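I opened this entry to record what I looked up in one protein chain. The sequence and structure are placed below for reference.

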Amino acid sequence: MSSKEKPTLGGTRIKTRKRNITIPLDPASFSDAVVQIYLDNAGDLELIARNIESSELDFSRYGDTFFEVIFIGGRTQPGTTKPDEGERHPYSIIECEPKREAILPSVIYIQKILRRRPFLIKYLENVMRRFLQSLEFFEENERKKLAIFTALAFSQKLSGLPPETVFQPLLKDNLVAKGLVLSFITDFFKEYLRDNSLDDLISILKRGRVEDNLLEFLPSAKRSAEGFAEHFTKEGLVPLVEYNAKKMFDVKLSEMKSSLTTQIAEETDIAEVIETVKHRIRDANLPDIEVVRILWDVIMDAVQWSGKNQQQNANSALRQVKTWAELLNTFCSTGKLELELIYKVQMQCYEDAKLMKLFPEIVRSLYDQDVLAEDTILYWFRKGTNPKGRQSFVKALEPFVNWLEEAEEEEE
């Protein structure tokens, strides 16, 4: 029999792993505490800010609740704008008058809070995004207060508030369809432009990624350039209407130029290109002068230029003019448009060193292809108003003009 003792666990200390103790969320108590600060100070935002600053409230856990108390006077039910149980105060943004004088102090108050606690900006974004996506649950005058607050927040450059937080949530189909977004954005534009320039507004719209899509704020029944102009003109925002009209015009020009560039690069049949241009003019209501300018740009952009060989450049440019002369001739249908084409050639030759000496040859080629009439060339030579390089170009064109005048005399 072995006398060896059997092992036992007696007296052994068992180590246990420490666990993180999670404190349950208690937004109700936090909300009640903030509301009490408002009530104790009778809505005096200066005093409230001081008390908030000296409090030991856990803003990092209840940032959303904090801004709910600021905006609507108390806590909301999770994920909604509906009031939840608990204390409330009557000094919220929603409860004040829908005027900038009444709302601006709240903007300044929030700015002070954010300077001390910059981490709260993400909670402000959350709450604003939720409220803006739920505009239908606010009364009309409450939506106006939110619009005024938003405009003043950008005017005051509220710390770190990104424009996309405001504009992107507004593009919900149901809100747009009901006209709620148009009403909100109109109040926003009007308030913001009281203190800021149109350029400032456009900058915000660009950062919010909506500058190119202003029509999307309108319900589908009104979503047109005419509908936009009618609504915002009536609201006294004519500069915005003019800006949008120019923006849409530039987009249409760009689309036309892109389409023509492709067709010319692919050497599409001229008749088909002419039909494309006519279609674009009808659809976009493009001015004839702009069409002539675009045609010349696209035709010259397609030339394969040589780095140093001037003669090769001349041959390439003149070959291009001859190839697409019918296209130019179709749309240079009046003396005024022909003159505009000469001015366009003049400017390109002035701005591009490799074309500087080609001006008389290009004009001669356009004459030979019946794009430019003799009278138009003589008018430009004698009375042209564009000064860019004019003295040099007049001198260079003089032999050709003398020839035209001599030929005219011989015919008489």
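**Basis.** I worked from a predicted model, in which local features need pLDDT of at least 70, side-chain atom pairs count only at pLDDT 80 or more, and totals for chains, interfaces and linings use all residues. Residues are numbered from 1 along each chain as its sequence is written, and side-chain values use heavy atoms, with hydrogens and water left out.

**Domains.** I noted a division of the chain into domain 1 (27-202) and domain 2 (266-411); such bounds come from an automatic or database domain assignment. The C-alpha centres of the two domains are 59 Å apart.

**Residue N41.** I located N41 in the loop that lies between α1 (27-40) and α2 (45-54). Helices are DSSP runs (H or I, at least four residues), numbered from the N terminus. N41 has a relative accessible area of 14% and is therefore buried (under 20% relative accessible area, 1.4 Å probe, protein chains only). Its side chain reaches the backbone oxygen of I37 at 2.8 Å. Beyond its neighbours within four places in sequence, N41 contacts L47, I48 and N51 (contact: heavy atoms within 4.5 Å).

**Helix α14.** I then checked the length of α14 (residues 288-301): its 14 residues should span 20 Å, and the end C-alpha atoms are 20 Å apart, which agrees. The expected span is 1.5 Å times one less than the number of residues. Of the 14 residues of α14, 10 are buried, among them W296 and D297. The cover over these buried residues includes α12 (238-265), α13 (270-284) and α15 (310-323).

Conventions. Helices (H or I, at least four residues) and strands (E, at least two) are DSSP runs, numbered from the N terminus. Buried means under 20% relative accessible area, exposed over 50%, partly exposed in between (1.4 Å probe, protein chains only). A polar contact is a pair of N or O atoms within 3.5 Å; within protein, one must be able to donate a hydrogen and the other to accept it, and residues adjacent in sequence count only if both atoms are side-chain atoms.
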